[in-house]
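User: I would like to learn how to read a few features of a structure, taking salt bridges, strand pairing and pockets in turn. Could you give the general idea each time and then the case at hand?

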Amino acid sequence: MGASDRIWNTQQTNRAARLARAQAALGPALSGKLFPAERIADLLHQVLEPGDRVCLEGNNQKQADFLGKALAGLDPARINRLHMLQSVLALPEHLDVFEKGIASRLDFSFSGPQAGRLAKLVSSGKINIGAIHTYLELFGRYFVDLTPRVSLIAAEAADRHGNLYTGPNTEDTPAIVEATAFKSGIVIAQVNQVVDALPRIDIPSDWIDFVVEAPTPYYIEPLFTRDPALISEIQILMAMMAIKGIYAEYEVERLNHGIGFDTAAIELLLPTYAASLGLKGKIARYWALNPHPALIPAIESGFVESVHSFGSELGMEQYIRARPDVFFVGPDGSMRSNRALCQAAGHYACDMFIGSTLQIDLQGNSSTATLGRISGFGGAPNMGADARGRRHVSPAWLKAGRQARDGKGLIPRGQKLVVQIVETFREHMQPAFVEKLDAWQLAEQAKMAIPPVMIYGEDVTHILTEEGIANLLLCRTGEEMEQAIRGVAGYTPVGMARDRRMVENLRDRGIVLRAEDMGIDKRLATRDLLAAKNMKDLVRASGGLYDPPKRFRNW
């Protein structure tokens, strides 16, 4: 068959057939693009076909939960073998579709609360995992070889034409919708309300096929909120070492923090400890970060100048609205987040990523995929990877590059700072440092081609524990790196097996740094240093603008 005989619009024809089936099934219940919630199963049975690639929006925070529940309630005799594309598996329904035989294949980024159940379903053969992606990688594949046929998304509001307002929690929506709508796919949106006029149009109606007002607002998780009352003195000591030994040392102005109490402690020490070191205006000015409540004191004190966000954070809406110089806020007064663009910013425009992990081996490889838990990686592999395509310079980037290349005769280039901050023992006294990552065994069990490593050792520049900092940039041999890691691994089996003389030699060379080597008095590492000691202090610091979710209100 020649090119002139080939049919070039099969996807458009198939889309038209699906839409016609849906219109016939819904009949007068379909008003333009709007239809009633009780008809969702009728719609899905008509627009879905067995074997479809289906993107169900659900990320760290915002969940298209009404559509997810509806998908899990479909008839597996009619709709089956779906290939699910999801940033995050957060809700039980996300895995129910596999248990019921509605879906069989999965490509995802993070599974958080469903990590244990996911591991069981994989080992029982109910789920075939294509790959565990980083967010940006998964979004990229939507435009290459994993384009969704049907996408189920969530938004704040729609107007009667089907235009969408996504508000502060725009997150993954633009990437999902654009990939689907411009490749003859079908987009169904659940919204919290249908209104006559939107504050702004985030997604035009031309890109949306169906809109349903869900019976309840979409589920959203305040994932990044940490109560300062739970920050320990060990975390405060680690934060002091991070600020003095890394932030100040490299003049880090542009950065991303991972989720957790370790980084929340750093944020709350900026207006106090970092200010006492004369670092205001010199470090931590520009951020790729969700609007963490723990950042409020640093913003109010003038440390933080700009924040672009992956998503929003419950309770921060009025504070963000009142600080448009800091956040990316539209003319309507609300922030618009964008996970894809913020991931790109974190990868290319930031000088440092600092975050935590569950396991680190002797080559500096780290992973959150452990035995019995396939939690995935989220955005950490993008945030925590040296961007080889980067060409613009900064003092932090150049200094890290010089340290890594010194004496090697290599062409000069910079390097991103990638810091893993962990306590030597995790919960239930599990050591964070291991001779061999569980990821190897997991790969065998799940028949993965390579072990699921979150951040590769070649990208990690520093490991920070309560014992001190290991500067891996300065290591010149594999043995030096191993001993530097053992040198900060404390009383774990890995730490106890250190070569003491070699570790002391590394300390003399500044490769292993203890608190006292940085001039830090451990006696000062108390909660008195925190700019806010509890949630109420954060509310006060915000001038009453921050409205914490109920679970964080203990007054």
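User: Which residue forms a salt bridge with Asp52, and how far apart are the closest N and O atoms?

Analyst: Side chains of opposite charge can pair when their charged atoms come close. In this predicted model, the partner of Asp52 is Arg18, with the closest N and O atoms 2.6 Å apart. The pair links distant parts of the chain, since Asp52 lies in the loop between α2 and β2 while Arg18 belongs to helix α1, 34 residues apart.

User: Are Asp52 and Arg18 buried or exposed?

Analyst: Asp52 has a relative accessible area of 6% and is therefore buried, and Arg18, at 2% relative accessibility, counts as buried as well.

User: Where in the chain are the partners of the salt bridge between Arg551 and Glu221, and how accessible is each?

Analyst: The closest N and O atoms of Arg551 and Glu221 are 3.3 Å apart. Arg551 sits in the segment after α19 and Glu221 in the loop between β11 and α8, 330 residues apart. Arg551 is exposed, with a relative accessible area of 55%, whereas Glu221, at 18%, counts as buried because the cut-off for that class is under 20%.

User: How should I read the strand pairing around β21?

Analyst: Strand β20 (residues 417–421) runs parallel to β21 and is joined to β21 by three bridges, with His462 of β21 as the bridge partner of Val419. Strand β22 (residues 468–471) runs antiparallel to β21, and four bridges join the two; here Ile463 has Ala470 as its bridge partner. A hairpin through two residues connects β21 to β22, while β20, helix α15 (residues 439–445) and β21 make a right-handed β-α-β unit.

User: Which way do the residues of β21 point?

Analyst: His462 and Leu464 point one way and Ile463 and Thr465 the other, and all of them are buried.

User: What lines the second largest pocket, and how much space lies in it?

Analyst: Rolling a probe the size of a water molecule over the atoms shows where empty space is left. The second largest pocket holds about 580 Å³ of space and is lined by 30 residues, with Ala131, Ile132, Phe377, Ile450 and Pro452 nearest its centre. The elements that give two or more residues to this lining are α5, β6 and α13, and β6 supplies the largest share, five residues. By type, the lining of this pocket divides into 18 nonpolar, nine polar and three charged residues.

How values were computed. Residues numbered from 1 in each chain as written. Predicted model: local features only at pLDDT ≥ 70, side-chain atom pairs only at ≥ 80, totals over all residues. Heavy atoms only, no water. Buried < 20%, exposed > 50% of the residue type's maximum accessible area, 1.4 Å probe, protein only. Pairing = 2+ DSSP bridges. Right-handed = clockwise from strand over helix to strand, strands pointing away. 1 Å grid on protein atoms, 1.4 Å probe; cavity = no way out; pocket = protein on both sides within 12 Å on 5 of 7 lines; lining within 4 Å. Points joined across faces, edges and corners; volume = space filled by probe spheres on them. Nonpolar A, V, L, I, M, F, W, Y, C, P; charged D, E, K, R; others polar. Salt bridge = Lys/Arg side-chain N within 4 Å of Asp/Glu carboxyl O.
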